[in-house]
Amino acid sequence: MTRAGDGHESPHDRRGEAAESPGPGTGPAEAEPAETEPDPRFTMANERTFLAWSRTALALVAAGLGVVQLLPPFPGVPVGRHVVGIPLIVLGAVIAVAAYLDMMRNQRALRRDEPLPRSLLPRLLAATIGGVATVAAIVVLLSATR
Amino acid sequence: MPAPNLQPRVIDPANRTSLAWTRTAVAFAAIGVAMFKLSPVAGVVVVALSLPIWAVNHRRRGSVEVPSSPRRLRLVTGTVVIVALAALTVAIFGHSPDSLGQLLRAR
């Protein structure tokens, strides 16, 4: 997540007010960790990270559409552009949804003062872009040899 | 930009967040304009969807102490998914003679 403040603060050091967490032994809330509203700077950093992932998703969709619609066809590989472009568009949609789920998980962890969960998004993005690059190289080589 | 009555320690992050929302809205508008060349209807829809995203940020000015509402974030996610579906439709069933739809029909 984007760094907020000087990095030496706990997410809860400033607002502090206990949320709807009753005291110990007061019913079902006992099992749930107490939640407090985190520092707005951490919330905003989380929000900016989500927006950055959303823009990345949008860029992937644009790149996929550009490959399919704007590149000239690969000679000898009629579906070459689609094989490269469509996974990028699908990855864009997947990243948009995953970024939202990540953001909500991070926000919940901030509210509970727990460590932030590890995100799968960087690995997913790296693996898919690596795969698409490999496929693109194969398509280019195939079209060059035909 | 957020209202000047905010605590100073929150103003900079609030400005950065506001700029991030603006960049996101501009990105949506840009891809809408690009899509307009390929499919005017899809392009207009995407450009129109960038307006509520910009409005979300604009309306929030001065109230950054309020935690982000999941509904606002779902709006962004939903819009990206809609754009991706529109892009997928254009990519598969686009007008070009060698679109995937045409190629599959030819086989």
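This report describes a predicted model with chains A and B.

## Basis and confidence

Local features are reported at pLDDT of at least 70 and side-chain atom pairs at pLDDT 80 or more, while totals for chains, interfaces and linings use all residues. Residues are numbered from 1 along each chain as its sequence is written, and chains are lettered from A and ligands numbered from 1 in the order in which they are written.

The model scores ipTM 0.78 and pTM 0.78. Chain A has an average pLDDT (the predictor's confidence in each residue, from 0 to 100) of 82, with 79% of the residues at 70 or above. Residues 2-8 of chain A fall below 50, and this stretch has 9 contacts in the model beyond near neighbours in sequence; two residues are in contact if their C-beta atoms, placed from the backbone, lie within 7 Å. Residues 14-26 of chain A also stay under 50, with 18 contacts beyond four places in sequence. For chain B the mean pLDDT is 78, and 73% of the residues reach 70 or more. Within chain B, the lowest confidence is in H4(B), at a mean of 63, and the highest is in H3(B), at 87.

Of the 146 residues in chain A, 34% are buried, where buried means 20 or more other C-beta atoms within 10 Å of the residue's own, exposed means 12 or fewer, and partly exposed lies in between, with C-beta atoms placed from the backbone. Among contacts in chain A with a separation of 6 or more, 70% join residues 24 or more positions apart.

H1(A) (residues 40-70) packs on H2(A) (residues 80-111) at an angle of about 170 degrees, with the axes 7 Å apart. Axes are lines fitted to C-alpha atoms, for helices over the stretch in contact, and angles run from 0 to 180 degrees between N-to-C directions. H1(A) is therefore roughly antiparallel to H2(A); angles over 145 degrees count as roughly antiparallel, under 35 as roughly parallel, 65 to 115 as roughly perpendicular and the rest as oblique. The contact of H1(A) with H2(A) comprises 22 nonpolar, 10 polar and 1 charged residues. Ala, Val, Leu, Ile, Met, Phe, Trp, Tyr, Cys and Pro count as nonpolar, Asp, Glu, Lys and Arg as charged, and the others, Gly among them, as polar.

The axes of H2(A) and H3(A) (residues 121-145) cross at roughly 175 degrees and come within 10 Å, which makes this pair roughly antiparallel as well. Residues of the contact include Leu88(A), Leu91(A) and Asp102(A) of H2(A), and Leu125(A), Val132(A) and Ser143(A) of H3(A). By class, the contact of H2(A) with H3(A) has 15 nonpolar, 3 polar and 1 charged residues.

## Chain B and its interface with chain A

Contacts between the chains involve 37 residues of chain B and 36 residues of chain A. On the chain B side, H1 (8-38), H3 and H4 (100-106) each supply at least two residues, and H1(B) gives the most, with 15. The side of chain B that touches chain A has 26 nonpolar, 6 polar and 5 charged residues.

Buried residues in H3(B) include Leu73(B), Val80(B), Ala87(B) and Val90(B). Leu19(B), in helix H1 of chain B, is partly exposed, with 14 other C-beta atoms within 10 Å.

Definitions and conventions:
Helix = DSSP H or I, 4+ residues; strand = E, 2+ residues; numbered from the N terminus.
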